[in-house]
Amino acid sequence: MKKKLYTGLLSVAFLVCAFNVFSQGEAVRSDSINKSKIELDYAIYASQLVVDSKWTRDPAFNKRFNWKNGGGRFYQVLYSGEIKNDIIIFAGLAFNMVDFVQTAGFWFKPIDPVKYGATDVISISRKINLNSVEFPIGILKEFRVRKFEFRTGIGVRTMLNEAKYESIDYNLNNGSIVSSGKKNLIYSHHPQINISFEIKAGLTYRVLKRLSLKFEPFYRISLWQDEILHFFSDTRISGLGVLFGMEYPFKFNN
């Protein structure tokens, strides 16, 4: 899992370096500079639980708290403005959804497989869904080449955890799956508010005078620990993904 995180960080770092090299040789300011914009975005990402290495080095820990890496997505609206040549700040509102699957180390209520036409329970898994409202802010460096804009930057997201759900699935030996249904989770260590840090590097293409399409790889990681695994609180959520969006400028500086 740590290797995946390092690979993601190296990928984003490579993009940042490539954009800087490209800009030094070919960057040309456009005749019309977008001064302020509204942005609508959708992002998907692979999500991991980051656990301190002192725990993951212990084979007993991995056996007790077994989970699969999850997935996430978010929708957001941003307002961005240029504060000086090629420097942009942004702020906005987002709704984020992420999930994980845990296959060991959690409490569950036993069921009678005979009631469902089976004789045995083969395996049991726990799916965790976390929803949060986010308030992203950040700063970007921009390089313009004709209709293209290359950007690199950093940001932080204040996350207000709005809902937490779990469902327990029982896989029976007759091929059926019995679910306990969803219910609210109560975490003794789960903070109501968390902060995540993100780095990103992206590309936009102006298809019309007042409309641009955006593609943006990113890496994000929460700064505070969270209790995602049952009976264990020392975890943080990270994500590596891509964002797709569109931009509409309000003002121009001709």
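The protein contains three helices and 10 strands, where helices (H or I, at least four residues) and strands (E, at least two) are DSSP runs, numbered from the N terminus. The model is predicted, so local features need pLDDT of at least 70 and side-chain atom pairs count only at pLDDT 80 or more, while totals for chains, interfaces and linings use all residues. Residues are numbered from 1 along each chain as its sequence is written, and side-chain values use heavy atoms, with hydrogens and water left out.

**Overall architecture**

- Read from the N terminus, the elements follow the order α-β-α-α-β-β-β-β-β-β-β-β-β.
- Of the 254 residues in the protein, 45% are buried; buried means under 20% relative accessible area, exposed over 50%, and partly exposed in between (1.4 Å probe, protein chains only).

**Salt bridges in the whole structure**

- The structure holds 17 salt bridges, each defined as a side-chain nitrogen of Lys or Arg within 4 Å of a carboxyl oxygen of Asp or Glu.
- One network of salt bridges links Lys37, Glu82, Asp86, Glu142, Arg144, Glu149, Arg151 and Glu247.

**The pair Arg144 and Asp86**

- Arg144 and Asp86 form a salt bridge in which the closest N and O atoms are 2.8 Å apart.
- This pair connects distant parts of the chain, 58 residues apart: Arg144 lies in strand β4 (residues 121-145), and Asp86 lies in the loop between β2 (67-84) and β3 (87-102).
- Arg144 counts as buried because its relative accessible area is 4%.
- Asp86 is also buried, because its relative accessibility is 16%.

**The partners of Glu149**

- Glu149 forms a salt bridge with Arg144, with 3.8 Å between the closest N and O atoms, and both of these residues are buried.
- Glu149 also meets Arg151 in a salt bridge, at 3.0 Å from N to O.
- Glu149 is classed as buried because its relative accessible area is 6%.
- Arg151 is classed as buried because its relative accessible area is 3%.
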